[in-house]
Amino acid sequence: AAAEVLVPRVAQLPDGATVVGNHFTAALRGAVDYLGHVKQLHPAILVPDQVIDFHKTCRGNSARPLGNAGMGTNCPATMVQGSTCEARCSSGATAKGTFVCLAGKIRLESVCPGQGFVTLGDKVLLSMAVVASQCPSSEQLRTILADALEVALETIDRAFCEAGGNVALLEDDVHLTSHPIAKTVTIGGDINVGDGGSKDLLSSAVQLSDGTTAVGSRFAIALGRTIGRVGSVQHLQTPLHLPSQVSDFVPYRTCRGEQARPLGEDSNGTHCPTVMSEGATCTAKCDLGTTANGTFMCVAGKVRLTSVCTGQKHNGSVILGDKVLFTLAAMASKCPSLEQLHRILALALRIDSNVVKGVFCDLGKEVLLSKDDARLAGRPTARVLTIGGELSPHVGESERFLQMAAQLADRKTPVGMRFAKAMWDVVDYLGIIRTMHTPLLVPNQVTVFIVHEVPVPPTAPPPITQGVESVGLASGYLAALFVAAPLLLGMVCVACVWMARRYRHGDKEKDSNEWAEV
């Protein structure tokens, strides 16, 4: 349909009486000193199925797998447009994610299992050619794309801009830029689809090159505000949707064995090595050579769970049971307090707060927010949080607890929705939430440890004997004697007076009787 419209217009180029011909001759006169007669040498010809673009090939050796357990890749030396390859794993396992060749550049990532926490998701890839004065920085470009597509900044996984050859500008553009030359820059990005759906995001990405759409207008304005004048924008290939790609990769971190602290006083340190690899376990070292209860475990760079020995120093009670371990990564303005986090998890999971144990929140790096998110947060940056905890399910509820823990990062589930809402109530801003690893169910772990102290009878002070100096106690006896002596003396005096009066009274009665007889 476009060809049918274009052929008649091309035929009008030499005819100055038409709008097309008038524009052509006027522009041509502005570019040359003299313009005479213009005529068609032959009618415009429509030729179908011709090469209209040529895509560059990619060098397969530029594909670099994540982690260090791979044996290179299965990528050929030369990759054609749209071809894919992946990491070659030493264990023979299937790699996660693929590399793809687009517009002469290797895109996406591939990693062998067992190297870290891998999050898979759908991706939308875009590549555009833009006439501009210069390239924006990668962070500026991420912000521009996020604002144009109206998505969260962390959704823009990668963004790049590569400067190409020089381009001569038209006279009107020279007046606007004050520079006769611009560059052709190649702009691209990998976008995580997230909860919005690939269809909507793919449709928005297509509109980036069309300045008449809201998406394209926002992109051109934001890009122009950052780097100055922006000329033509066109897609090098239609934005591409690829499912099951690596959207996040966190390499396994080791743990320091010295962080493992046994419970009670019947242990002699631990059997933990100085450096613990991801998933490694160890136990307390018991004084009496008995077997410890429970294990320590290295998960996401942090020693989790506990181990305890029971012996003669403390007659303790140990209850063993299943434990569910989870670790989340979240974008937020700050960490909630441990008391707040404890309540948030109990509320989100709708379980007794006594079941939630060992909660923690560690502050990570500071990241730049998109314009909309910064306005919402009231600040330009946020922090990456690592949130974790342990659940002690009752008998028969371990699988249910495991499923609920897996839903904490998914806002489409009731558990995830309650968790996000409760977090919003205590922090100024909450962005993306994801699981760092599949929740772990670990059996035979210490869920309760109660120490029964042996009662010690009170000891009486020793009696005072001759030859034993007891200044404090002797002073007490003297003080009591000084208080009691006057009282005793007074009582003796009163008794003497009473007896004397009694005696006199008896004599008077005797004299009276004798006179009566006379």
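Biologist: Is the link of C75 and C85 right-handed or left-handed about the S-S bond?

Modeller: Keeping in mind that this is a predicted model, the link of C75 and C85 is right-handed, with 80 degrees about the S-S bond. The sulfur atoms of C75 and C85 are 1.8 Å apart, and the pair links distant parts of the chain, since C75 is in the loop between β2 (70-73) and β3 (78-79) while C85 is in strand β4 (residues 84-85), ten residues apart. C75 has a relative accessible area of 14% and therefore counts as buried, the cut-off for that word being under 20%, and C85 is buried as well, with a relative accessible area of 5%.

This link is one part of a structure that holds eight disulfides, among them the one that joins C135 to C161, with an S to S distance of 2.1 Å. Here the torsion about the S-S bond is about -75 degrees, so the disulfide of C135 and C161 is left-handed. C135 sits in the loop between β8 (116-132) and α3 (138-149), and C161 in strand β9 (residues 156-168), 26 residues apart; C135 is partly exposed, with a relative accessible area of 26%.

Another of the disulfides is formed by C255 and C298, whose sulfur atoms are 2.1 Å apart, and because its torsion is about 80 degrees, this disulfide is right-handed. C255 lies in strand β12 (residues 255-256) and C298 in strand β17 (residues 296-299), so the pair ties together parts that are 43 residues apart in sequence. C255 is buried at 2%, and C298 counts as buried at 0% relative accessibility.

Note on methods: Residues are numbered from 1 along each chain as its sequence is written. This is a predicted model: local features need pLDDT of at least 70, side-chain atom pairs count only at pLDDT 80 or more; totals for chains, interfaces and linings use all residues. Side-chain values use heavy atoms; hydrogens and water are left out. A disulfide is a pair of cysteine sulfur atoms within 2.5 Å. Helices (H or I, at least four residues) and strands (E, at least two) are DSSP runs, numbered from the N terminus. Buried means under 20% relative accessible area, exposed over 50%, partly exposed in between (1.4 Å probe, protein chains only).
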